[in-house]
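Morning, everyone. I have one model to go through today, so let me put it on the screen.

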Amino acid sequence: MTSKMAARSYGAMSRFCVAVLVLAALTCYGGSVHLVAALPDAQVEALLALQELLDHPSATMNWTKETKFCNLASTPHLSVVCSAPETLTDLRIVGDKSAATVREKLNQSSTKGGFLSSQKSLPSSFNVTTLVNTLLAFPELRNVELVSLGMWGALPEQLSQLSHLQVMNMSSNLFTGALPKTLHALTELRVLAMDQNAITGSFPFWLSTVPTLETLSLSSNSLSGELNDSISNFKNLKSLVVSNNLFSGKIPSSISSLLNLQLLSLAHNHFTGVVPNLENLKSLKSLNLGGNSLGPGFPSLGAQIASVYVGQNRLSGPLPGYLKGFVELQNLDVSGNALVGTPPPYLFNLPRIQSLNLARNHFSGGLPLNLTLSKSLSLVDISGNFFTGHPPVAFLSSTRNVSVHFQGNCMETLKQKQGSEEYCTVTASKLGIRDVQIIRSHLVLIIAVAAAGGLCLSVLLCVVVYLISRRCRGDKDRSVAAPEDGNFGSFRGIPSELLSNARYLSQSMRLGVLPHSHNRVFALEELKIATNNFSPGALVGEGRHGKVFKGLLDDKTVVAIKWLNFKSKEDMNEYKTQLEVLSKLRHQHLVSVLGYCTEDVVTIVEDEEFKSFRLFIVSEFMANGDLRSHLSKHMGVKEPMAWSQRLAAVIAAGRGVHHLHTGVTPPIFYNNLKITSILLDSNMVAQVSDFGLPVRRVSFSMDVVAAEAKSGGPRLIHEDSLRRRDHRDKQDVYDYGAILLEIVLGRPPTIRNPFPQKRSELERLTKEKGPSMELIDKDIVGTCGAESLATVLEIAGKCMVDDPSRRPSMEDVLWNLQYALQVHSSVNDVNDEYDLRREEFQKAPSFSERKPRGFHDNRIADEDWKEDPSDSRHFLR
């Protein structure tokens, strides 16, 4: 948004200058009015060629050779600005082929030529080099905005020849590959905006040599790597936006030296560690660090800040007191962290506050009944915490247009759904939250115990004084040693099981595993209403163990409701135990578990009672079903997924699995990964479902360790569990390899051939110099490069080796899949008719030059990552 505003602002300045020139012309000549001299024929032809190249965007539909381009009225979708002597200086064309995110764009490939669907991209006749050559026909071009036009390909180095360029905005297109380093030659460039594309590579530190650069906006791409201290070289930068990428590591402290910075957005990456001190950034108005793994401390900021977004991180502790001085603050979002305490009342009454989001933290206590809300406030969200007592009167008032959300707490009200006070008390106690208002139900008992203790202490003091007076009657200077107490300094009154789990609790709070939201227990009647009494019309799936229904909750949330049947209550309770943990996990590539409902069923057959049990698991609804159903036409899909779509889906799913392995403590392994467990939401973004749940077949190759619950339970350990204890993540890696094979075949692979004399498809695809081409899904032949496909097959083969110790980690697998996606994009940019043949596989580096390229393997020594076995017992596996 900043880049667009900058571009429009500059366009407005240009138009103002044109108006001044017009007035000067009128004054000098006093004759007929000529706004600006007509463009030369060469530039008119260039504009018409651009119209043709961009497939006639609606904003240019009326362009002809007779069009007076310099006199066209500016609109949000079109602006042509000319200046004397007879040349075009500013050009803005905004189309209608935008996409919400880079993931959606990667999922729009068609089945021919590797190009994206015509609904989102330009046809195969488009060539980005031709585009740049056309723009070179305007030697004085300063501002160019070509937005949402479906342009694709890798940006060519010839862009540097637009030497007078000050603003370049090509956001919301489909450009791939890395930014050309020749852009550093644009010494007048002020704004570079390439948001919502598929740009890859690392952060362009080399752009720091452009002395005029003020805005760098690269959000929603696939940039990766780390930021380093070289960021300090961008001395004049005012806006840095790189959200929704793949950056990792720590935010460098040198970022605090960018004294001109006004907007900083690093949201939705993989940044970790403490946020550097940003108090020196006196110009900073907006900070967005949400969706990372930053913490535990709250960022140090200057009081001039207007918007702070730090939700979905790992912040802990209370809110800092210096927020009281943030008189310019308009938006504050700290949702999805582990912040504690009671938010101070002044936070709701800051003079300019408009939006306050404190949801899904560990806040507790009661808010004042007379809490005052700022006149500027329009949104308050404190849902999903441990608040108790009556809600403030202002929360219930309908006289003001303020949206207030306080559900999911334990407040004494029938407004918005609340939990019991016992739930908040017990859960907060387990989390180590000690707040007087949380445990006020025990206040009378505490006072009574304190009074009794005081009385006993008084009696004891009297006895001690009496003894001292007897023993020390003749020697007043003699000191008396206090009697030793074997329990002195011990944690009295704290349950032993909580102390034994202290390490688990502290790690879980630090890593954000414990409640970001509560595991809601639904009423069966509520689920019946949501599914129209589980009508056949709401049924969206059915398997061996149950059915899946689509439901609409009373708050208009669309959910999936999985109905499972159990013969044993112990088996059902095993699932419930896991759901308590899984409902607290939130990740963009994991289907969120929202809650559950149970039902005991008694069936009478011939006067004999039979008991069974039902469990209803409520989770997010994924509108586009599972990944398998989109691979081939025989599954009913009109246009099977092309190669880039399949890669994007498995990469997204892999990130979810990687989070289960490394992003929670203790990690979650043995997730029974299947391609039907990879679901696609309304934007075709892949998310993993059914993770972390007990497999309902004991014969499955896994380790199951019963939780040390009060009820006890069997300990099921696979015969190879001791041998595989140090490679617990490798079963998921094996299953993931099978998923990779299926996206290549377009159908489930044959892993073990029942006929010994014949080789399995796994061997034929991964253990030959070049794979058997007849096995490759015909829908991807011709749409992907040989090296990209060969790389994926190489990864699959390594994932599925028999020895678990030789399988790569999910991190290594993801790195190589990203490489496969990158080389696929570059091949399709160069050759629009790339033909996949066996001989091309034999030339691909993954087959002919494996050692020189190598397989990215970032594994560390086993002794450096082995877990404490005691950790694993807290997940019922």
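Start at G249, which sits opposite F271 of strand β14. Keep in mind that this is a predicted model. The strands involved are β12, residues 246-250, and β14, residues 270-273, and they pair in the parallel sense over 3 bridges.

Now the sheet around them. It is an open sheet of 4 strands, paired in parallel, and the order reads β10-β12-β14-β16. At the edges are β10 (224-226) and β16 (293-294); each has a single partner strand, so one side of each has no neighbour in the sheet.

Next, a helix pair. Helix α2, residues 41-53, packs on helix α4, residues 128-135, at an angle of about 160 degrees, and the axes are 9 Å apart. The cut-off for roughly antiparallel is over 145 degrees, and α2 and α4 are therefore roughly antiparallel to each other. The crossing of α2 past α4 is left-handed.

Which residues in α2 and α4 meet? From α2 there are A46, A49, L50 and L53, and from α4 there are T130, L131, T134 and L135. Sorted by class, that contact has 6 nonpolar residues, 2 polar ones and no charged ones.

Last, charges. Side chains of opposite charge can pair when their charged atoms come close. The structure holds 11 salt bridges. One of them joins K417 to D554, with 3.1 Å between the closest N and O atoms. K417 is in the loop between β26 (410-411) and α6 (421-430), and D554 is in the loop between β29 (546-552) and β30 (558-566), so the pair ties together parts 137 residues apart in sequence.

That's what I have.

How values were computed
Residues are numbered from 1 along each chain as its sequence is written. This is a predicted model: local features need pLDDT of at least 70, side-chain atom pairs count only at pLDDT 80 or more; totals for chains, interfaces and linings use all residues. Side-chain values use heavy atoms; hydrogens and water are left out. Axes are lines fitted to C-alpha atoms, for helices over the stretch in contact, and angles run from 0 to 180 degrees between N-to-C directions. Helices (H or I, at least four residues) and strands (E, at least two) are DSSP runs, numbered from the N terminus. Angles under 35 degrees count as roughly parallel, over 145 as roughly antiparallel, 65 to 115 as roughly perpendicular and the rest as oblique. A crossing is left-handed if the near helix is turned anticlockwise from the far one by less than a right angle, and right-handed if clockwise. Contact means heavy atoms within 4.5 Å. Ala, Val, Leu, Ile, Met, Phe, Trp, Tyr, Cys and Pro count as nonpolar, Asp, Glu, Lys and Arg as charged, and the others, Gly among them, as polar. Two strands pair if DSSP finds at least two bridges between them. A salt bridge is a side-chain nitrogen of Lys or Arg within 4 Å of a carboxyl oxygen of Asp or Glu.
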